[in-house]
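Hi,

Here is the structure I promised to pass on to you. Have a look at it first, and then read my notes below.

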Amino acid sequence: MKFNNIKLFAVAILASMTAINCSDDDDNVTGPTGPNFTGTYIQEDQMGRPAINTVFVNDGMKDAFNTTIPSNMGAMFQSAFQTKLETLSPAYDPANPDDANALGFTAAQFTGVLATDVLTVSLDDPTTFFDGTNILTGRNLTDDVIDVELILIFGGEEGLSNPEFPGLVSDNVASNDKEFLTSFPYLASPW
């Protein structure tokens with residue numbers, strides 16, 4: 001009985017909306033308008049590399065991080081990122097500053113790269129987030145960015161070949177739930 005009442009209510013709402021929106025006033029015809037870009041815009045979020053902002057930026061510094069220009073980010077946030085990295089990952093021991101990841105980056109070097117949250121692009125190297133050799137030369141849609149970040153944070157010096165913390169180097173999502181398109185815009189169609 002309740003379901004029938006909900007259906008009747010939904011039909012009544014749709015009918016009233018149709019009556020309100022329909023008009024026989026054909027004299028006032030206007031075409032579609034484009035987006036309105038007037039006003040003042042401010043940057044609300046910075047997410048050049050997925051998960052970096054989410055994991056490494058503490059709540060108290062989210063607004064500052066999101067509005068800082070990239071050329072100032074390293075100086076402002078590298079130290080806080082390093083503290084967070086050394087807290088999160090036993091692969092980086094603060095007592096041993098020479099501990100490195102699969103790229104050979106120490107905690108200070110790695111967080112220096114991470115703190116400047118931009119997606120770099122190389123015109124000369126293969127486009128990849130990290131393919132075992134090339135790092136941050138761009139990003140393919142098929143790059144498993146979260147797994148790469150986990151490997152570099154928890155994998156230690158040997159990365160995926162012999163990770164220090166094997167249970168922490170993958171999100172266990174092997175691929176997209178839909179295939180990418182073979183032509184622009186390449187993204188899979190929505191569900």
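The protein chain exposes about 13100 Å², and carbon and sulfur atoms supply 58% of that area (accessible areas come from the Shrake-Rupley method with a 1.4 Å probe, and for residues only the protein chains shown count as cover). Keep in mind that this is a predicted model, where local features need pLDDT of at least 70 and side-chain atom pairs count only at pLDDT 80 or more, while totals for chains, interfaces and linings use all residues. Residues are numbered from 1 along each chain as its sequence is written, and side-chain values use heavy atoms, with hydrogens and water left out.

The chain has six helices and zero strands (DSSP runs numbered from the N terminus: H or I of at least four residues for helices, E of at least two for strands). Of its 191 residues, 28% count as buried (under 20% relative accessible area with a 1.4 Å probe, protein chains only; exposed is over 50%, partly exposed in between).

Now for α4, which spans residues 70-88 and bends by about 50 degrees at F77 (the angle between axes fitted to the seven residues ending there and the seven starting there). F77 is also one of the buried residues of α4, along with M73, G74, Q78, F81, Q82 and L85. These pack against α2 (52-56), α3 (62-67), α5 (107-115) and α6 (145-154).

In α5, the buried residues are A107, F110, T111, L114 and A115. They sit on the same side of α5 because they cover an arc of only 130 degrees around the axis (taken from the directions from the helix axis to the C-beta atoms). Their cover includes α2, α3, α4 and α6.

Leaving aside neighbours within four places in sequence, F56 is in contact with A51, M61, F81, K84, L85, L88, L114 and I153 (contact means heavy atoms within 4.5 Å). F56 and L114 are 58 residues apart in sequence, yet 8.8 Å apart in space, C-alpha to C-alpha.

About 80 Å³ lies in the largest cavity, and its lining includes F110, L114, V148 and L152.

Cheers

Note on methods:
On a 1 Å grid over the protein atoms alone, a cavity is a set of points where a 1.4 Å probe fits but cannot get out, and a pocket is an open set with protein on both sides within 12 Å along at least five of seven lines; lining residues have an atom within 4 Å of a point. Grid points are joined across faces, edges and corners, and a volume is the space filled by probe spheres set on the points.
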